[in-house]
Amino acid sequence: MGLAALSIGVSAFFQKDDQKLRYFLTVFTLFMTVHFLMLGQWPGALMAFLGSLRNYASSKTNSVKVMYGFIFSAWVLAIPNMESLIHLLPVIATTFGTVAVFRMKGIQLRLLMSMGTLCWLTHNYLVFSIGGVLVESLFLIINTHTMFKLSQIKKGN
């Protein structure tokens, strides 16, 4: 994964505007698709690509039917490609992320995204994606920082 992808991902989690977060994540998850393809991790690549489509769709609608369509698609597409239980982690992460971008706002959106980040972090560690571990760790830190900033704005400080 290149510096451009990393800077897009970092920029995504610095966003306090939910819509900008969705747009940045759309582009970043396309880069992650390529990353996992290069590692030969098809379930991760599939979930990353589906995540990119999901992020874009959620910027246009908050339809519960569309949300459930993405969740259903993630599970149906992933199950035949699972070679081990490790491959369940991207599907769980995708499920968390899907609910987050379609149904949540502000801190709640980012908190649920962090749950997905923890799944991706674990997955990346288990498939020996050192870059993925570093990136997801960085995202977790930045997302936590952004949630703190949003809580300060909410309190009026």
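These questions and answers walk through a few features of a predicted model.

Residues are numbered from 1 along each chain as its sequence is written, and side-chain values use heavy atoms, with hydrogens and water left out. Because the model is predicted, local features need pLDDT of at least 70 and side-chain atom pairs count only at pLDDT 80 or more, while totals for chains, interfaces and linings use all residues.

Student: How many aromatic pairs does the structure hold?
Tutor: Rings of Phe, Tyr and Trp (its six-membered ring) pair if their centres lie within 6.5 Å. By that rule, the count of aromatic pairs is 3.

Student: Are the rings of Phe-28 and Phe-139 stacked or edge-to-face?
Tutor: Planes under 30 degrees apart count as stacked, over 60 as edge-to-face and the rest as tilted. The centres of the Phe-28 and Phe-139 rings are 4.9 Å apart. Their planes stand at 75°, so the pair is edge-to-face.

Student: How many residues apart in sequence are the parts that Phe-28 and Phe-139 tie together?
Tutor: Helices are DSSP runs (H or I, at least four residues), numbered from the N terminus. Phe-28 lies in helix H2 (residues 18-39), and Phe-139 in helix H7 (residues 130-155). The pair therefore ties together parts separated in sequence by 111 residues.

Student: Is Phe-139 buried or exposed?
Tutor: Buried means under 20% relative accessible area, exposed over 50%, and partly exposed in between (1.4 Å probe, protein chains only). The relative accessibility of Phe-139 is 2%. So Phe-139 counts as buried.

Student: Which helices do the buried residues of H7 pack against?
Tutor: Buried residues of H7 include Val-135, Phe-139, Ile-142 and Thr-146. Residues three or four places apart point the same way, because an α-helix has 3.6 residues a turn. Contact means heavy atoms within 4.5 Å. The partners are helix H1 (3-14), H2 and helix H6 (106-126).

Student: How far does H7 reach from its first C-alpha to its last?
Tutor: H7 has 26 residues. Its expected span is 1.5 Å times one less than its number of residues, which gives 38 Å. The model comes close to that, with a reach of 38 Å.

Student: Is Phe-128 buried or exposed?
Tutor: Phe-128 lies in the loop between H6 and H7. Its phi is near 65°, a positive value in a residue other than glycine. With a relative accessible area of 71%, Phe-128 is exposed.

Methods: Helices (H or I, at least four residues) and strands (E, at least two) are DSSP runs, numbered from the N terminus.
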